[in-house]
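Trainee: I am new to this structure. Could you help me learn to read it?

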Amino acid sequence: MEETNSNYEEKFQRFSNIISTKTMQGFMVADRNDKALVAVLVKQGEKVNHLLHFLISCITCGVWVFVWAWLALVKNKEQRVRISIDNAGNILQENIKI
């Protein structure tokens, strides 16, 4: 039984380290289950300065519109990630589509 408890403590420490690393990258913990070693993390989308991109698009005769559209579509999305550790001790990370 002591070996099992030690194994759980090791997994829990790795799990906590991953969560800590993700929070330093800008994610917030939405849900965390320390018993099952599963967590859902959320990162808010970045705001796009539309006025600035409009002005740059006017100056570049519309060439910048493609960059502006890409930023508006990709950077503005919220990201959700599920982190878990399986029975073998492997860290699983999957992106959750909203």
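**Reading the model**

Mentor: Gladly! The protein has a mean pLDDT of 89, and 97% of its residues reach 70 or more; pLDDT is the predictor's confidence in each residue, from 0 to 100. This is a predicted model, where local features need pLDDT of at least 70, side-chain atom pairs count only at pLDDT 80 or more, and totals for chains, interfaces and linings use all residues. Residues are numbered from 1 along each chain as its sequence is written, and side-chain values use heavy atoms, with hydrogens and water left out.

Trainee: How many helices and strands are there in the protein?

Mentor: Helices (H or I, at least four residues) and strands (E, at least two) are DSSP runs, numbered from the N terminus. The protein has three helices and four strands, in the order α-β-β-α-α-β-β from the N terminus.

Trainee: In which sense do strands E1 and E2 pair?

Mentor: Two strands pair if DSSP finds at least two bridges between them. Strand E1 (residues 28-33) and strand E2 (residues 38-43) are antiparallel, with five bridges. Asn33 stands opposite Val38 in E2. The two strands form a hairpin with four residues between them, and Leu37 in the turn has a positive phi of about 55 degrees.

Trainee: Why does Phe54 count as partly exposed?

Mentor: Buried means under 20% relative accessible area, exposed over 50%, and partly exposed in between (1.4 Å probe, protein chains only). Phe54 counts as partly exposed because its relative accessibility is 44%. Phe54 lies in helix H2 (residues 50-59). Of the 98 residues of the protein, 20% count as buried.
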